[in-house]
Amino acid sequence: MEANIDILVKELCKLPKETGWVEFKHNNCEPKMIGEDISALANTATQKDRDFAYMVWGVDDTTHEIIGTTVRLPLQKKGQQELENWLRVMLSKNADFEFLETEVDGQHVELIRINKALNTPVAFEKTEYIRSGSYTKKLHDFPALTTQLWDKLRNNHFEDVCCLKDLRYANVLQLLNVDAYFSMLKLPQPTEESEVMHYLTEDGLAIHLDNGLFGITNLGAILFARDLNAFPRLGRKTMRVVQYQGRNRLFIQKEESFNAGYAVCFEDIVRYVGALLPSSEDSSAVTLTTKSIFPLPSVREAVANSLVHQDLYITGAGPVVEIFDNRLEVTNPGTPLVDIMRIIDNPPKSRNERLASIMRRMKICEELGRGWDRMVLACESQFLPAPRIEIFEESTKVTLFSEMEFKNIPMDDKIWSCYLHTCLMFIQGDTMTNASLRDRFGLKETSAGSISRLIKEAVDRRMIKPLDPQTAKRYMRYVPIWASV
């Protein structure tokens, strides 16, 4: 049982009779009602500038007297499904809550602690709710409240939200790897408490509270946590690496979770993934060496991108690296902010700007938008298909392939590789030709016919176009379809 919950209940009971971010109940635990109230309370907490909202069973709604309850939330079910799992399915992905229980003056009390809405309003069964006085109402029926809520949401950034409060300096040192912060940024580490906290607060990793204690922000935790599981909402953001036997997900060979903050464990993740990747021996070298069948620079960039560009507002999901015999898949929550057809040439756009900024300063990533350039070039240097990017409803997956003969590459991947090669040539001030595309795939001149058919297919799909359609075919040069020439 979490400590101090009884004190929390007593403090909540002191609140005025109508408080939009707290709901008191006796024994009513109808699932649909709970789902609607979680949506309403999360949204109202944001509107009222509260970090949390609460549903409390065992307190009289009128007098706020502690009367106890027979409700046991972990035992409640909706049909054959546990209540908590059902609620997480029916609520929007940004909903975050936890079940708590305590004894107060001999009376049993149950609670749901609800995190405020972030990024977008929390919805239940695809409908958003809000508290109006002591009632739960549909948000769309209150235009003024809708406007107020969206104003708050636009000004809230996940990185700035305080995830742990009322900490002493010693607690901060226990929770954050402060040594790593100073070491990775190549800063001299002060000995005075005030100077250490000055750096942490200036970078938005921690905050000074009005009571003289400290709080740790999501940014501080996600980057420098000794263990992300010690922070609410962030335990599921740990990077997982899974190696499978063969080419499917039937048998898992190895699985590892990296629980430390991303800055602390990034190099460990990359080394671990690299050690699991299949490799081949180069017997032609003077000294026997091994070479990864995957392009390691692309692996590093894909892992870094999955951390930096994930949607941190999506709860219950984190970045995952999955290793198969013939490919490596890196999946992260959220979809790209840029059109993937312009992923090579578009100016960079970071979803998590402060996170990206600090990771750039630590040389883990950059904000120049060259990550995909390097990934594609690394694949081309080993004559591999270009990284495949797939967008799903709430996630993005990048797939890197191992060595593959040209004839075995799926047509869609051949065309995508052709398109990205054309984009790279264009931003370098050059154009794609039959010869350059043959070189890109490591093919001889005898394959010119196959490459011509590939180019024609890319043109027919309106991904590339001739620089000058009147040129003779043997001298034809190509640019991306979006190029202004």
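Reader: Which cut-off decides that a residue counts as buried?
Author: Buried means under 20% relative accessible area. Exposed means over 50%, and partly exposed lies in between. This model is predicted. The cut-off for buried is therefore under 20%.

Reader: Is Glu329 buried or exposed?
Author: The limit for buried is under 20%. Glu329 has a relative accessibility of 5%. Glu329 therefore counts as buried.

Reader: Which residue forms a salt bridge with Glu329, and how far apart are the closest N and O atoms?
Author: A salt bridge needs a side-chain nitrogen within 4 Å of a carboxyl oxygen. Here the partner of Glu329 is Arg249, and the closest N and O atoms are 2.7 Å apart.

Reader: How many residues apart are Glu329 and Arg249?
Author: Glu329 is in strand β18. Arg249 is in the loop between β13 and β14. The pair links distant parts of the chain, 80 residues apart.

Reader: Which helices hold Glu380 and Arg440?
Author: The side chains of Glu380 and Arg440 meet in a salt bridge of 3.8 Å, N to O. The two residues are 60 apart in the chain. Both are buried. Glu380 is in helix α12, and Arg440 is in helix α14.

Reader: How many salt bridges are found in the whole structure?
Author: Some are linked in a network, which includes Arg249 and Glu329. Another joins Arg461 and Glu457, at 3.1 Å. The search of the whole structure finds 30.

Key
Residues numbered from 1 in each chain as written. Predicted model: local features only at pLDDT ≥ 70, side-chain atom pairs only at ≥ 80, totals over all residues. Heavy atoms only, no water. Helix = DSSP H or I, 4+ residues; strand = E, 2+ residues; numbered from the N terminus. Buried < 20%, exposed > 50% of the residue type's maximum accessible area, 1.4 Å probe, protein only.
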